[in-house]
Amino acid sequence: MKTEAIYTALALLFAGNTFAQGQVTIHKKDGTTLTYPLTAVDTLSDNETSHHMTLSYSKQEGLLEPAQVIKASEVNLKQADQPQSYNLLQSITISSQESSDLKRDIRIDVNHSTITLVLPNIIDRSNLKLGFETTGSYLYLNGKSIESGAKCDLSKQAEIKVVAFNGEIRTYQLAVINAGLPTMECTTTNSINGDWESASIVIKDEKGKSSFSSSEVKIKGRGSHYKENLKNSYNIKFDQKSALLGMNAGKRWVLLANAYDKSLIRSSVAFDIASKYFGFDWTPQCKEVELVINGEYKGCYTLVEQIRVADGRVPSGTILSLEEGVSPDEDHFQAKESGLTFVMRDPETGVAGTQLLRSQRIIDDMERAMKAGDNDYLKNIDIPNFASWFLFNELVKNEEAMSSDGYLTLSEEGKLSMGPIWEMSKTMGGEYGDSYKNSVLEDSYWFSHLLKNENFKKSLSQQLEKLADAESEILSLIQERAKSIRYGIACNENVWHNLGATSEDWEAISPLFEMEIEKVVNWLNNRISWMKNNLKF
């Protein structure tokens with residue numbers, strides 16, 4: 001008569017000479033070894049945590065006593081942990097079918113006894129359907145027996161105990177937290193596209209308490225690359241000036257997606273640096289938020305004051321942007337000497353508007369004077385402002401600063417100043433490339449002429465020296481922004497998978513995020529050193 005037994009050893013050795021002799025040796029926990037003829041082995045299987053062997057032998061041989069299996073009623077949860085291969089918690093899954101706020105299932109591959117899961121603020125943590133993969137025989141949540149697929153309350157830290165077939169216990173601590181960011185909830189009647197759509201907006205603080213609401217607002221997708229399945233940026237327009245999250249009141253706002261910035265903070269850091277160290281008349285304020293549109297969680301965004309002529313923003317004048325391509329309905333002109341294309345951003349002028357014609361005349365006259373070597377063009381330029389703008393864009397290495405990624409303001413008196421600065425998600429070692437060397441503006445049409453002027457070079461030298469002195473403070477701004485978004489990055493990862501994490505556990509996501517932040521810090525540090533040693537004025 002035959003009987004079967006399964007035994008998992010701490011080590012299962014198939015030594016070459018032993019195997020050749022037709023034998024298998026098992027080293028047991030108690031230090032003893034057992035040797036079997038190879039003919040006694042029915043099946044072998046292996047995974048990352050244990051080795052499994054199925055043996056068949058007669059009871060009279062007495063080779064191995066079958067393991068004792070305890071009943072559920074015999075489990076003692078008060079005993080000390082005795083981790084082994086049969087009380088492992090391998091993964092936890094939160095079903096998206098049970099939560100319309102989740103775009104896909106959340107899976108945590110468990111590699112630590114302490115597990116941290118970050119969920120968006122809108123998800124009810126008190127009623128989550130959890131799936132478990134475990135090698136254990138019994139599972140307990142906060143002292144109560146549960147099965148995989150059960151509804152669980154994770155509004156507070158949970159204790160999970162996995163019990164092996166023999167009663168040995170392993171304990172896990174599971175904390176489910178939110179991103180610690182405000183949430184912007186936008187509701188529209190129709191789907192959002194490239195046209196203005198009526199909407200209502202509610203902003204809640206990190207604890208879920210409403211801090212702002214308006215039903216007199218419109219929203220549309222931003223840019224020519226808008227597609228429903230992408231992480232899009234959005235323009236927002238209120239009927240009345242609105243102060244959002246402590247920023248200056250205004251009608252126009254932008255939600256920046258930072259879709260190709262794995263750190264999510266490059267634009268925010270750029271705004272911080274420009275505001276604190278470059279003396280521009282105005283730089284947009286910004287705050288990180290979680291975005292929900294028509295009940296669908298969209299991840300983390302940067303809410304920014306849109307560039308507009310208004311109190312608390314650009315006080316007066318005409319705002320133009322540099323663009324490589326324009327749509328037919330945009331008021332624009334092309335400078336005759338440089339070939340640069342300028343779009344009238346605010347106020348809107350109409351194709352025959354006097355501000356458009358005036359702007360074109362002033363810029364064409366300035367460029368002709370540049371070409372002729374006539375310093376008379378300097379009367380139209382705010383030299384310290386141009387120097388600040390030059391150094392800032394060199395600092396972050398904005399490769400499109402003088403082609404399709406720059407703003408300038410023409411005052412009512414006909415004087416040009418560069419800026420305000422805008423989105424910088426591709427800079428600082430991002431999508432533009434990780435090289436921190438080479439200038440991006442020295443050969444541009446305007447600045448190649450300006451760099452021949454002694455007053456401009458003097459202003460550059462003075463500001464570069466101040467920039468170098470502030471290096472440590474500038475680098476610390478990166479860490480401050482990283483701290484504010486560090487848990488939000490996990491929620492964003494669940495929707496867009498930018499970091500490529502293999503598990504939703506914060507322990508798996510955190511190192512990837514820290515690596516991205518370190519990349520930005522190291523790049524900017526190297527860039528400042530390169531500028532000090534190579535930009536000579």
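Which residue's side chain meets that of Asp 272 in a salt bridge? The legends below begin with that pair.

**View 1. The salt bridge of Asp 272 with Arg 481 in the predicted model.** The side chain of Asp 272 meets that of Arg 481, with an N to O distance of 2.7 Å; a salt bridge is a side-chain nitrogen of Lys or Arg within 4 Å of a carboxyl oxygen of Asp or Glu. The two residues are 209 residues apart and link distant parts of the chain, Asp 272 in helix 2 (residues 266–277) and Arg 481 in helix 7 (residues 471–485). Helices (H or I, at least four residues) and strands (E, at least two) are DSSP runs, numbered from the N terminus. Asp 272 counts as buried at 15% relative accessibility, and Arg 481 is buried at 13%. Buried means under 20% relative accessible area, exposed over 50%, and partly exposed in between, with a 1.4 Å probe and protein chains only. This is a predicted model, in which local features need pLDDT of at least 70 and side-chain atom pairs count only at pLDDT 80 or more, while totals for chains, interfaces and linings use all residues. Residues are numbered from 1 along each chain as its sequence is written, and side-chain values use heavy atoms, with hydrogens and water left out.

View 2. Arg 266 forms a salt bridge with Asp 261, and the closest N and O atoms are 2.5 Å apart. Arg 266 counts as buried at 2% relative accessibility, and Asp 261 counts as buried at 0%. In the other pair, the side chains of Arg 107 and Asp 109 meet at 2.8 Å, N to O. Arg 107 is partly exposed, with a relative accessible area of 34%. A search of the whole structure finds 15 salt bridges.

**View 3. Glu 493 and its surroundings.** Glu 493 lies in helix 8 (residues 488–496) and is buried, with a relative accessible area of 1%. A polar atom of the Glu 493 side chain lies 2.8 Å from the backbone nitrogen of Leu 499. Leaving aside residues up to four places away in sequence, Glu 493 touches Arg 104, Asn 498, Leu 499, Gly 500, Ala 501 and Ile 509; contact means heavy atoms within 4.5 Å.

**View 4. The packing of helix 8 against helix 9.** The axes of helix 8 and helix 9 are 10 Å apart, at an angle of about 100°. Axes are lines fitted to C-alpha atoms, for helices over the stretch in contact, and angles run from 0 to 180 degrees between N-to-C directions. The two helices are therefore roughly perpendicular to each other; angles under 35 degrees count as roughly parallel, over 145 as roughly antiparallel, 65 to 115 as roughly perpendicular and the rest as oblique. Ile 489, Ala 490 and Glu 493 of helix 8 meet Trp 506, Ile 509 and Phe 513 of helix 9.

**View 5. The packing of helix 4 against helix 9.** Helix 4 (residues 383–396) packs on helix 9 (residues 506–534) at an angle of about 130°, with axes 9 Å apart. Helix 4 and helix 9 are therefore oblique to each other. From helix 4, Leu 391, Glu 394, Leu 395 and Val 396 meet Trp 523, Leu 524, Arg 527, Ile 528 and Met 531 in helix 9.

Key: Polar contact = N/O pair within 3.5 Å; in protein donor to acceptor, adjacent residues only side chain to side chain.
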